[in-house]
Amino acid sequence: MTDLAVDLPGLKLKNPVMPASGCFGFGREYSEFYDLKKLGAVIMKAATGEVRYGNKTPRVAETTSGMLNAIGLQNPGVEKIIETEIPFIAAYAVPIIANVAGSSLEEYVKVASAFNHAESVNALELNISCPNVKEGGIQFGTNPDMAAEVTQKVKEASNLPVYVKLSPNVTDITAMAKAVEKAGADGLSMINTVTGMQIDLDNKQPLLANKTGGLSGQAIKPIAIRMIYEVKQHVNIPIIGMGGISSAEDVLEFLLAGANAVAVGTANFQNPFACPEIIDELPAVLQKYGFDSVKDAIGKGHGV
Amino acid sequence: MKRKVELVVKSVDVIALDTFEMTLVNEYVAKTAIPGQFLHLLVDGHTLRRPISIANVDRNNNEITILFKIVGDGTKQLAAYKPGMSIDALGPSGNGFSYEGKLNSVLLVGGGIGIPPLYNLGKTLKKKGIKVTAVLGFQSKEHVFYEANLRELGKTYVVTNDGTYGYRGFVTSVMDQIEDFDTYYSCGPIPMLKAVTKQLQDHSGYISLEERMGCGVGACFACVIPTDSHGGYKKICKDGPVFAADEVVL
């Protein structure tokens with residue numbers, strides 16, 4: 001029997017696989033394909049202080065082995081999410097991670113505080129790395145001092161464990177990770193999308209209405225692996241790894257790099273059953289490479 | 001529970017410039033699809049699926065027909081599929097056309113690759129004894145397809161932008177020749193839909209929208225359309241692709 005369980009701050013996971021924020025809505029659509037109880041946890045779509053309508057379309061474009069998106073944090077606002085979305089996911093008795101976004105320190109604190117009163121939310125993912133909104137978000141994710149400040153403020157305001165979601169769009173990912181660890185982060189979540197652009201040959205203009213978007217999918221997996229591998233050597237808090245995962249082999253690669261659990265994003269779009277299929281295949285893949293449990297494999301890519 | 005389906009390619013034919021007709025076999029889709037719905041097709045090696053409207057359903061033989069135009073790598077690859085190969089799809093997806101209530105006559109207004117779902121609808125309505133009139137718009141003569149199919153359903157006007165076939169101009173150019181009708185249904189490029197909904201604003205109507213999609217099931221918020229001036233959005237893949245003409249802002 002292969003043991004898939006992982007214990008992280010606030011999260012007792014029966015398996016290490018969860019859908020990534022923004023790629024799974026609030027679970028309703030995928031609950032029509034399979035029982036969400038199967039998942040290790042659910043990371044909800046980002047919540048902001050008030051309703052946000054997002055960017056103009058086109059919001060997505062396919063790229064070689066990946067895709068660009070610039071949704072722009074469309075969501076009904078934190079209070080509505082607590083009222084109407086969380087009870088739906090909670091009915092599946094699966095751990096819930098709420099993704100917290102904002103444009104200012106005050107908004108981050110407001111959203112994080114709101115989840116204090118939300119039963120069923122087990123942890124926060126602090127989204128300081130959305131590349132697709134004009135103001136806010138990303139500057140907190142690219143400056144270590146600002147990242148530390150927002151982490152500290154949210155930690156003070158929240159009674160939940162906080163996983164800070166790091167942007168890969170920085171020169172020194174380790175500096176970011178160390179800064180938020182020092183500021184009190186309980187864990188890291190990495191990586192968010194890589195900023196990119198596609199230009200349409202017919203119109204001779206950027207294809208996305210937002211011009212730039214976040215690159216995700218298999219194309220960014222080596223970037224994620226490298227960053228997790230580096231960060232693992234410098235921090236002592238757990239890492240939820242993500243970036244191009246589409247198979248159980250990919251999950252093992254992330255575990256070896258140092259991730260304690262993983263999130264699956266873009267793969268859900270291609271295959272709505274991506275998460276449950278990966279969970280089903282993971283035991284055999286772990287065994288094939290000589291591991292009896294997920295815990296055994298974590299960080300084993302770093303030598304002895 | 002929703003499912004993924006495997007459709008087997010029966011035939012692929014060129015029917016106009018860069019335009020293909022593909023017949024697929026799958027019992028579940030053939031038995032359940034309604035006019036206006038689409039298939040979200042996975043073309044091997046591509047990250048995102050392609051949403052393609054259903055153009056015809058043969059329930060007796062479990063066959064579904066789709067039409068598509070080559071606009072990029074995905075559709076180019078799809079056109080090269082051979083009979084016997086199978087295609088992974090989500091669907092039938094989305095909400096179809098609404099035709100409840102008392103209808104005696106309808107107008108179909110299609111532009112280019114927006115015509116296929118209207119053909120499927122027109123066939124269904126004609127069977128119910130409803131009078132069908134169609135206006136088909138194309139760029140030029142070599143793009144024209146399904147004219148004969150639509151003529152079997154009722155009086156059909158063909159318009160080309162450059163006048164190389166049928167009437168010259170846009171679909172809106174022939175509207176003054178059309179006898180009155182109860183409801184219209186339209187699908188095509190956004191500028192055409194804007195012109196059509198404006199010209200026919202005194203009629204009730206439904207439009208079907210196309211947009212680049214991510215998940216195709218309503219989870220990713222990629223394919224949205226504004227519903228009013230206050231910033232509300234509907235999801236094209238899940239709330240549509242068919243909307244009442246006054247429900248969305250083009």
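This is a predicted model: local features need pLDDT of at least 70, side-chain atom pairs count only at pLDDT 80 or more; totals for chains, interfaces and linings use all residues.
Chain A contains 11 helices and 16 strands. Its radius of gyration is 18 Å, which lies close to the 19 Å that the globule rule gives for 304 residues, so chain A is as compact as a globular protein of that length. Along the principal axes, the C-alpha atoms of chain A fill a box of roughly 50 × 50 × 40 Å. Of the 304 residues of this chain, 62% count as buried. When contacts in chain A between residues at least 6 apart in sequence are considered, 73% of them join residues that are at least 24 apart.

At the interface, 35 residues of chain A are in contact with 29 residues of chain B, and the area buried between the two chains is about 2700 Å², with carbon and sulfur atoms giving 59% of that area. Four salt bridges are found across the interface of chain A and chain B; one of them is formed by Glu62(A) with Arg50(B), whose closest N and O atoms are 2.9 Å apart. Across the same interface of chain A and chain B there are also 14 residue pairs in polar contact, both residues of each pair being at pLDDT 80 or more. On the side of chain A that touches chain B, the elements that give two or more residues are helix H1 (28–31), strand S5 (60–63), strand S6 (66–69) and helix H9 (267–270). The largest share, four residues, comes from S5(A). By residue class, this side of chain A divides into 14 nonpolar, 13 polar and eight charged residues.

Two peptide bonds are in the cis form. In chain A, such a bond joins Thr57(A) and Pro58(A), with omega about 0°, and Pro58(A) is placed in the loop between strand S4 (42–43) and S5 of chain A. In chain B, a cis peptide bond joins Gly91(B) and Pro92(B), with omega about 5°, and here Pro92(B) lies in strand S6 (residues 86–93) of chain B.

Positive phi values occur in residues other than glycine. Ser120(A), which is not a glycine, has a positive phi of about 80° and is located in the loop between helix H3 (105–114) and strand S8 (121–127) of chain A; with a relative accessible area of 36%, Ser120(A) is partly exposed. Phe221(B) likewise has a positive phi, near 65°, and lies in the loop between strand S12 (204–208) and strand S13 (224–226) of chain B, but Phe221(B) is buried, its relative accessible area being 12%.

Asn62(B), in the loop between strand S4 (50–58) and strand S5 (63–69) of chain B, counts as buried because its relative accessibility is 19%, which is under the 20% cut-off. Leaving aside residues up to four places away in sequence, Asn62(B) touches Leu24(B), Val25(B), Asn26(B), Glu27(B), Ala30(B) and Lys31(B). Ile130(B) is found in the loop between helix H3 (115–127) and strand S8 (131–138) of chain B, and at 8% relative accessibility Ile130(B) also counts as buried. The residues that Ile130(B) touches, with those up to four places away in sequence not counted, are Leu103(B), Asn104(B), Ser105(B), Val106(B) and Leu125(B). Although Asn104(B) and Ile130(B) are 26 residues apart along the chain, their C-alpha atoms are separated by 5.1 Å.

Note on methods. Residues are numbered from 1 along each chain as its sequence is written. Chains are lettered from A and ligands numbered from 1 in the order in which they are written. Side-chain values use heavy atoms; hydrogens and water are left out. Contact means heavy atoms within 4.5 Å. Buried area is the accessible area (1.4 Å probe) that two parts lose on being put together, summed over both. A salt bridge is a side-chain nitrogen of Lys or Arg within 4 Å of a carboxyl oxygen of Asp or Glu. A polar contact is a pair of N or O atoms within 3.5 Å; within protein, one must be able to donate a hydrogen and the other to accept it, and residues adjacent in sequence count only if both atoms are side-chain atoms. Ala, Val, Leu, Ile, Met, Phe, Trp, Tyr, Cys and Pro count as nonpolar, Asp, Glu, Lys and Arg as charged, and the others, Gly among them, as polar. The radius of gyration is taken over C-alpha atoms; the globule rule is 2.2 Å times the number of residues to the power 0.38. Buried means under 20% relative accessible area, exposed over 50%, partly exposed in between (1.4 Å probe, protein chains only).
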